[in-house]
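User: I would like to learn how to read a few features of a model, one at a time. Please give the general idea before each case.

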Amino acid sequence: MPSINNYSFTNVQYTLPENSIVYTQLPYAELTIVPDLGYTAVAADFSSDLSSYDPAVQSVTFTQNGLNVLVTVTFVADFIMPSNNYTIPLCVTGSADIAEITIGGRFSANTTANVTGNTTELNTPYSNSGGFGETELLFSRSYSADTGYYLDIGAGMQVTQGNQSSYNIIQNPTYDSENRLTDITYNVNYIYPNQNVAGDSINIRRIKALEIFVNPQYVSNYQFNHYSVSGSGSTLIYYVHGQEGATFSLNVVATNGSNFTPANNVTIPANGVYEVEVEFPSIWAAGYQSETYILTISGDLEPNFSQPTSTTVVQSIQIPRLTFTASTAGSITGFTPVIKKSSAFKDLQNNPEIIEIKWNLTSPNLLISDQVVGANVLSNTGFNNFEITANASNSTTLTVDDTSDLIVGSKFSLSGADRGLYKYEITAINSSTEIAVSPNITATSGLSVNAYTNNGNNIDLNSINLNLKEDGSIDFVAEIAINYYAKDDTTFTFLLDYLISEVPSITCAAQVNNGSAGVTDHMVDLDPAGGLIAFLVNAQNLEDKFEVIHGAPNSNFFVKKATSSMIASNNFGPFENNFGTEPNNQLPTSSEVNNIDQFIGISSGTIPTKQTEFNADTGFTVPNMTVSSVAYQQIVWWEYAAADYIANPNATLRVTGPSGTAWNILRLCCPDANCT
């Protein structure tokens, strides 16, 4: 089948008898024109060249036969078949035309927010037509991410129904400097097959815009260690630290109503530090005694910014006085108040002011250096803590966990220890869980607060030295470091009773009634020539121990010489050393002393008076154990020599008793009315 002009055609052969009339046996012959693939043949488009007809041909006609064209050749009536083969050529003009192919389908895409250009579509139809093998653009789609976003398209545009080889989808993406997809265009081209197509489907399952993460630039902290400024004014530096590009503002509000902004939306430079100059004016000319400034930072602060955003600075021309004195419940004298003063809010933390306090302390009683371990010996240097247990809104009272340690007049701030800038004062203790405060307060439950009595004046007690002199006085030397002067006068008091013990003397015929629990000492001065020390003792009901000791309490020389005892012969020992004995002076319970002979009392049985033993040892007689209506239970005595005086000129009567006890003692001065 020869091919020409986009079609092919058939050749036909017939076998006929020689010399026969062809027409009677074969009136006509038929040939078929078949269009090439992708082309169409139409009968009207074909014709024959009449001038080229063979003498055997009567006519040539063209008729449509489906997709093909039927060519009918009719022979003349008198054509006789020759003896040889006879070929009849045909001259046909015309050609097959390109066949029109149609394509039809639907397109779907799913886009999210922040995607511009084309948006979400569902089964949008598309169609076109063309010739076989032709490539043609069917449609285009473009998608862009908003500023600050990039595209996430997943698998992209895909042919989900149809012959994928008939499609050529060309992508034109655009990327940013970080290789993130920001824009894309799809051009859908179609290569026409040899037949019509319908029902194709093209999808983009997801076009999502993702936010571009930009590492935030934050202000991390600031440095401003100034809580005060001179009354004459000054310029202070407020250091702000953070990442390059972070912005902040610093605003200053004064109590007189003025305000100014030393830094307004400024940017932290590459070195990470911005220095803000804050200029405070002089208040002398304005006639103010003091001024308070609130410095507030705002802007790109870290989400968990750890510092208070506001800082308070006080300006004052006051002169605070710090007084250092002492107190005692006993008879100690010799402390003269020491006064130091300076301009308000003077900061000496880097170079504290060192002062030395020297006193010569005296007392009619024996003085002993006897510091209580762990005791706070200087007032107003500590604080009392409480926790707020209920929210307060512009209230004059606070509900707290415990008020037992709080002191009226203590000051505090909700932002911590602000030195001389404590905002609130405790004006009353209303109950075990409520305090009155001034001014009105707004606070949150759960906040832990420290209340101070030092008015913000900060000092350290560096050292205390106590030196016992031969005359019985004590040289007191203390070193104080003043770190900070606030604006209010404050007194710091040395609590001498935590540092020094006074042991009262008990003279001849002296009587002590209703002594109490614990370890109680009384001093006796020895006679240089030697002598006798004797006591009538009364433990009343609960057991007590009475001991005569050579030496003074807490001295290196402290030797037991006599003791009370439930055994008449045991005036001189053995001695009980578990209770009321250095170095711990441990106290017993009432049950612990029941079986200890040296503890006497009615509850332990019949107490021997030792009158006979006393007479046998000393030659003196106690005729009556009841003196001034007190029924004494026993005699305790010690005869000493001149050598004992030389070893140590003091003796101690020590009484040790459990909780709840009471006792009496009477010193005998033999000979006297009670000792003959």
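User: Which residues touch the most other members in the largest nonpolar core?

Analyst: In soluble globular proteins, nonpolar side chains tend to be buried together. The model here is a predicted one. Its largest nonpolar core has 26 residues, and those touching the most other members are Phe107, Tyr143, Leu151, Tyr167, Ile202 and Ile204. At least two residues of this core come from each of strand 10 (100-111), strand 13 (135-145), strand 15 (157-161), strand 17 (181-191) and strand 18 (197-211).

User: What does Phe107 touch, not counting residues up to four places away in sequence?

Analyst: Phe107 touches Tyr143, Ile202 and Ile204, which are also on the list of residues with the most core contacts. Further contacts of Phe107 include Phe139, Arg141 and Met157, as well as Glu121, Leu122, Asn123, Thr124 and Tyr126. Another core, of 25 residues, lies apart from the largest one; Phe224, Val240, Val278 and Leu301 are among its members.

User: How many bridges join strand 21 and strand 24?

Analyst: Strand 21 (residues 234-242) is paired with strand 24 over eight bridges, in the antiparallel sense. Within this pairing, Leu236 has Val278 of strand 24 as its bridge partner. Val278 is also one of the residues of the 25-residue core.

User: Why is the disulfide of Cys508 and Cys669 left-handed, and which parts does the pair tie together?

Analyst: The disulfide is left-handed because the torsion about the S-S bond of Cys508 and Cys669 is about -130°. Cys508 sits in the loop between strand 40 (500-503) and strand 41 (511-515), while Cys669 is in the segment after strand 51 (663-668), so the pair ties together parts 161 residues apart in sequence. Cys508 is partly exposed at a relative accessible area of 46%, whereas Cys669 is buried at 14%.

User: What is the handedness of the disulfide of Cys670 and Cys675, and is Cys675 buried or exposed?

Analyst: The S-S torsion of Cys670 and Cys675 is about 100°, so this disulfide is right-handed. Cys675 is buried, with 0% relative accessible area, while Cys670 counts as partly exposed at 22% relative accessibility.

User: Where is Ile319, and which residues is Ile319 in contact with beyond its neighbours within four places in sequence?

Analyst: Ile319 is in the loop between strand 26 (310-316) and strand 27 (321-327). Ile319 and Ser342 are separated by 23 residues in sequence and by 5.6 Å in space, C-alpha to C-alpha. Leaving aside neighbours within four places, the contacts of Ile319 are Lys341, Ser342, Ser343 and Asp489.

Terms used
Residues are numbered from 1 along each chain as its sequence is written. This is a predicted model: local features need pLDDT of at least 70, side-chain atom pairs count only at pLDDT 80 or more; totals for chains, interfaces and linings use all residues. Side-chain values use heavy atoms; hydrogens and water are left out. A nonpolar core is a set of buried Ala, Val, Leu, Ile, Met, Phe, Trp, Tyr and Cys residues joined through side-chain atoms within 4.5 Å. Buried means under 20% relative accessible area, exposed over 50%, partly exposed in between (1.4 Å probe, protein chains only). Helices (H or I, at least four residues) and strands (E, at least two) are DSSP runs, numbered from the N terminus. Contact means heavy atoms within 4.5 Å. Two strands pair if DSSP finds at least two bridges between them. A disulfide is a pair of cysteine sulfur atoms within 2.5 Å.
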